[in-house]
Amino acid sequence: MSRLWPRLFTHAALIAVGAIILVPVIWVVTAGFRTQISLLTGQFLFAPVLANFTEVLFSKTSDFLVNYRNSMIVGSASTVLCLTVATLAAWSLARLGWPRWVVHVFLGWALLFQMLPPLALAGAWYTLSRAVGLDNSFVGLILAHTVLNLPMALWLMGVFVREVPLELEEAARIDGASTFTVLRHIVLPLVAPGLAACAILTFVFSWNEFAVALNLTMKQTATVPVAIAKFAQDFEIRYTQMAAAAGLSILPALVLLLIGQRFIVRGLTQGAVK
Amino acid sequence: MRLSRWATFGPALLLMLVLGVLPLANLFYTSFHTVTWAAGKATFTPAGIGNYLALPADPLLRAGFFNTIVFAVGAVGGQMVLGFGLALLCSRVTRGRVLYRAVFILPILIPGIVIGAIWKLMLNFDFGLVNQITDLVGMDPRNWLGDRQTALASVIAVDIWHWTPFCFLLLLAGLESLPQDPYEAAKIDGASWWQELRYITLPLMAPAILVTFAFRLVIAFKVFDEIYLLTGGGPVTATEVLSFTLFQRLFTEDREGYGSAMAVAIIFLCSLLLVVAVSVGRRSERAA
């Protein structure tokens, strides 16, 4: 048992850091409930109003509801696609006897790809989606987010897939199970927690992604970060509305943090420890 | 067997080829050309290595290069030290660790552009909380983001706020997975707190520290979102970073050939940096 004072000091330091992290977020979220005058005069106590939220959500100058829906569509679709493709490939590379060089070249390329600034590729993606007539749909951005998150998903699912006991898969094979059956009834149930971790991260990263979305979306297809950037630039002095929009946009992350902290921690740390 | 192999690996391969390799090849090709647009059609005129030769003289790129290095070293250095200290503290508490961790990882999940919005408000000259607090201790209010002297430092501070949690999380996971025997042996030998840290924790943590550092460095070189809202690269070029220069040349000014050459150069630099970082890390690991 450690003594009392060092323990108190440790907790005091950790609480102080927690405050540094939480105070800006809380201050901005509460600023969303203030009137502009209340914010500018720096009143500590204020009567909360909902005007900023109604303005951001329902006025003619902002399409925040549409942006929210767009982000949900792009986030969910790219998450499902990315997870499907990555799980299949990770399992294939780990268990289906590919030559070593194929595995090394592909995963090496994925690592390099992960390092590229997405902006460098956004131009080519835009040209590509225009060439096939998809420049005003979600398909281009969904595919872009899928491929951007693919290296991380491949890496994570690779770790989880290799944890599945090989004997189980072999036993099923001997009993005559097809590749699909092995995947569906043995691998999938066992990597489910890993899939959850990977899904949360993929969704959050897609939700947060800005640089590529900025170049691949138009007014009707703009995602939340694009809308916030545009709003901040067009109406620079509407501080309280910007605060309201910022508060609304971190809502999904907060919900995921509350229900899935375990999975988020697992996903983020898995790659580094293994 | 052959069929199922391709059916499972094929989609990933196809996706990477069409959306990864092809655009990169296209970027490489474009970088040796001058692109002019007429009536919605692009004309590629071969430019040899002209685009590349023009890079070193670009004042914006010079500023971007210099600032990115300052930014990456300052931000990642700060995050590693703070994150490691925080992980050490957190690994010593048993009660409330999960709660602390939940609070600490919050910034990782917030969109970069929203981090920019939050801190633009926090650092506002007139009503920002930062100036309100510095006012309490008797300092004059400052225009943190609009002043050339404080803009880059402010952006670095925001990035430290944003990404220290990530370093903390990875390093805490590393600490939690360390073997306990060396510590018990050290306790029997009467080792001090500092000796434990210096001779047990740091050497054992070297791989985790290296991985975290390399990871962060790569992301720091790509920084774009926060700066987009905070300063837009300004005032003048005080916070101009590489991604921003690329964005301006490639998208704002539509100089595709030149911008592509810049992108290729940046990619080359990034890969070089990672190789150097990893090999230096390996060597120091072996020496320890």
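At roughly what angle do the axes of helix α4 and helix α7 of chain A cross? Keep that in mind while we set up the view.

**Before you click**

This is a predicted model, in which local features need pLDDT of at least 70, side-chain atom pairs count only at pLDDT 80 or more, and totals for chains, interfaces and linings use all residues. Residues are numbered from 1 along each chain as its sequence is written, while chains are lettered from A and ligands numbered from 1 in the order in which they are written. The model scores ipTM 0.88 and pTM 0.90.

**Stop 1: chain A as a whole**

You will find 13 helices and zero strands; helices (H or I, at least four residues) and strands (E, at least two) are DSSP runs, numbered from the N terminus. The C-alpha trace of chain A spans about 75 × 70 × 30 Å along its principal axes. Of the 274 residues in chain A, 45% are buried. Here, buried means that 20 or more other C-beta atoms lie within 10 Å of the residue's own, exposed means 12 or fewer, and partly exposed is in between, with C-beta atoms placed from the backbone.

**Stop 2: α4 and α7 of chain A**

Now select residues 64–95 (α4) and 139–162 (α7) of chain A. Their axes come within 7 Å and cross at roughly 40°. Axes are lines fitted to C-alpha atoms, for helices over the stretch in contact, and angles run from 0 to 180 degrees between N-to-C directions. That angle makes α4(A) oblique to α7(A): under 35 degrees counts as roughly parallel, over 145 as roughly antiparallel, 65 to 115 as roughly perpendicular and the rest as oblique. Colour the contact by class and you get 18 nonpolar, six polar and one charged residues. The classes are Ala, Val, Leu, Ile, Met, Phe, Trp, Tyr, Cys and Pro as nonpolar, Asp, Glu, Lys and Arg as charged, and the others, Gly among them, as polar.

**Stop 3: where the chains meet**

Bring chain B back into view. The contact takes 69 residues from chain A and 66 residues from chain B, where two residues are in contact if their C-beta atoms, placed from the backbone, lie within 7 Å. On the chain A side, the largest share, 13 residues, comes from helix α1 (residues 4–31). That side divides into 56 nonpolar, 13 polar and no charged residues.

**Stop 4: α3 and α12 of chain B**

Select residues 59–92 (α3) and 242–252 (α12) of chain B, which pack at an angle of about 155° with their axes 8 Å apart. The two helices are therefore roughly antiparallel to each other. Show side chains for B:Leu60, B:Leu61, B:Gly64, B:Phe65 and B:Thr68 of α3(B), which meet B:Leu242, B:Phe244, B:Thr245 and B:Gln248 of α12(B).

Stay on α12(B): eight of its eleven residues are buried, so it is largely enclosed by the rest of the structure. The buried residues include B:Phe247 and B:Arg249. Just after α12(B), look for B:Asp254, with a positive phi of about 55°.

**Stop 5: an exposed lysine, then confidence**

Is B:Lys41 buried or exposed? Click on B:Lys41 in strand β2 (residues 41–46) of chain B. B:Lys41 is exposed, with 7 other C-beta atoms within 10 Å. Draw a distance to B:Asp135: the C-alpha atoms are separated by 58 Å.

Chain B averages 88. Among the elements of chain B, α13(B) (residues 256–287) has the lowest mean pLDDT (80) and α3(B) the highest (93).

Notes: pLDDT = per-residue confidence, 0-100.
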